[in-house]
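Subject: Structure handover

Hello,

Here is the structure I promised to pass on. Please open it beside this email and follow along.

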Amino acid sequence: MSELTLLVLRFGFLILLWLFVLGVVYALRADLFGRGNRKPAPANAAASAPAPAAPAPSRPTPARPTANPTAATVTVNRSRTGNATASNANRLVIVQGPREGQEIPLGTGPLTIGRSADSSLVLRDDYTSTHHARLLQWNEEWMIQDLGSTNGTFLDGKRIGSPTQVPLHTPIKVGQTVFELRG
């Protein structure tokens, strides 16, 4: 072989080696810090979020009266466990984990949970995904949605697979942190 051919092969192999190294570095960075091409959530993320599936009612609900739409009516929904639903929740309380006792006020917008610095609730935990879960208000009720996490999100000890209604004082477990909604 000529020296020119050998030189071209050496440079080709060097370029191929560097592409492999850069691919490995990119994969590690994406795994540790999340993908850099995520778009920030719009201001009205609740409207753009996928519509959560309505939880199956445990008993038939009575028809709502429509005779006087201006009359103020207050209804307290009960889940199968008997806890009032979190429609009037105004804070999230961490009951177990490294940040036990911390309270986070709830607004009307979604609250993202994960290891990422852009999460509303940042959990530095080996069992928490970068973008782990989202707590959002939908039709006056708080819902928890797992965002495809590796280790899952648990509501009252059961792993959730779709957006699920959260009753007050019901433990939600993300990684090694357990929190509840309180009024």
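Below is what was found in it, going from the whole chain down to single residues.

**The whole chain**

Please keep in mind that this is a predicted model. The chain has two helices and eleven strands. Read along the sequence, the pattern is α-α-β-β-β-β-β-β-β-β-β-β-β. So much for the order of the elements.

The chain has 183 residues, and 30% of them are buried. It exposes about 12,400 Å². Carbon and sulfur atoms supply 58% of that area. Now take the contacts between residues at least 6 apart in sequence: 45% of these join residues at least 24 apart.

**The start of the chain**

Ser2 sits in the segment before α1 (3–33). Is Ser2 buried or partly exposed? It is partly exposed, because its relative accessible area is 40%, and buried would need a value under 20%. The side chain of Ser2 also makes a polar contact with the side chain of Thr5, at 3.0 Å.

β1 and β2 pair in the antiparallel sense, over three bridges. Arg91 has Pro105 in β2 as its bridge partner.

**The five-stranded sheet**

A second open sheet has five strands, in the order β4-β3-β5-β6-β9. Here the pairing is mixed. β4 (121–122) and β9 (164–165) stand at the edges. Each has a single partner strand, so one side of each has no neighbour in the sheet.

Now follow β5. On one side, β3 and β5 pair in the antiparallel sense over three bridges. Leu111 stands opposite Leu135 in β5. Ile113 stands opposite Ala133, also in β5.

β5 pairs with β6 too, again in the antiparallel sense, over six bridges. Leu136 has Met143 in β6 as its bridge partner. The hairpin of β5 and β6 has two residues between the strands. In that hairpin, Asn139 takes a positive phi near 55 degrees.

How many of the six residues of β5 are buried? Five are, so the strand counts as mostly covered, since buried means under 20% relative accessible area.

**The nonpolar core**

In soluble globular proteins, nonpolar side chains tend to be buried together. The largest nonpolar core in this chain holds 21 residues. Which of them touch the most other members? They are Leu92, Leu106, Leu135, Ile144 and Leu181. Six elements are listed as giving two or more residues to this core: β1 (91–96), β3 (111–114), β5 (133–138), β6 (141–146), β10 (172–174) and β11 (177–182).

**The salt bridges**

Side chains of opposite charge can pair when their charged atoms come close. How many salt bridges does the structure hold? It holds two.

Start with Arg91 and Glu103. Their closest N and O atoms are 3.1 Å apart. Arg91 lies in strand β1 and Glu103 in strand β2, so the pair ties together parts that are twelve residues apart in sequence. Arg91 is partly exposed, with a relative accessible area of 25%. Glu103 is partly exposed as well, at 45%.

Then turn to Glu180 and Arg182. Their side chains meet in a salt bridge at 2.9 Å, N to O. Is Glu180 buried or exposed? Glu180 is buried, because its relative accessible area is 12%, and the limit for buried is under 20%. Arg182 has a relative accessible area of 21%, so it counts as partly exposed.

**Where to look**

Start with Arg91. It has a bridge partner in β2, Pro105, and a salt bridge to Glu103. Then go to β5, which pairs with β3 and with β6.

Best wishes

Definitions and conventions. Residues are numbered from 1 along each chain as its sequence is written. This is a predicted model: local features need pLDDT of at least 70, side-chain atom pairs count only at pLDDT 80 or more; totals for chains, interfaces and linings use all residues. Side-chain values use heavy atoms; hydrogens and water are left out. Helices (H or I, at least four residues) and strands (E, at least two) are DSSP runs, numbered from the N terminus. Buried means under 20% relative accessible area, exposed over 50%, partly exposed in between (1.4 Å probe, protein chains only). Contact means heavy atoms within 4.5 Å. Accessible areas come from the Shrake-Rupley method with a 1.4 Å probe; for residues, only the protein chains shown count as cover. A nonpolar core is a set of buried Ala, Val, Leu, Ile, Met, Phe, Trp, Tyr and Cys residues joined through side-chain atoms within 4.5 Å. A polar contact is a pair of N or O atoms within 3.5 Å; within protein, one must be able to donate a hydrogen and the other to accept it, and residues adjacent in sequence count only if both atoms are side-chain atoms. Two strands pair if DSSP finds at least two bridges between them. A salt bridge is a side-chain nitrogen of Lys or Arg within 4 Å of a carboxyl oxygen of Asp or Glu.
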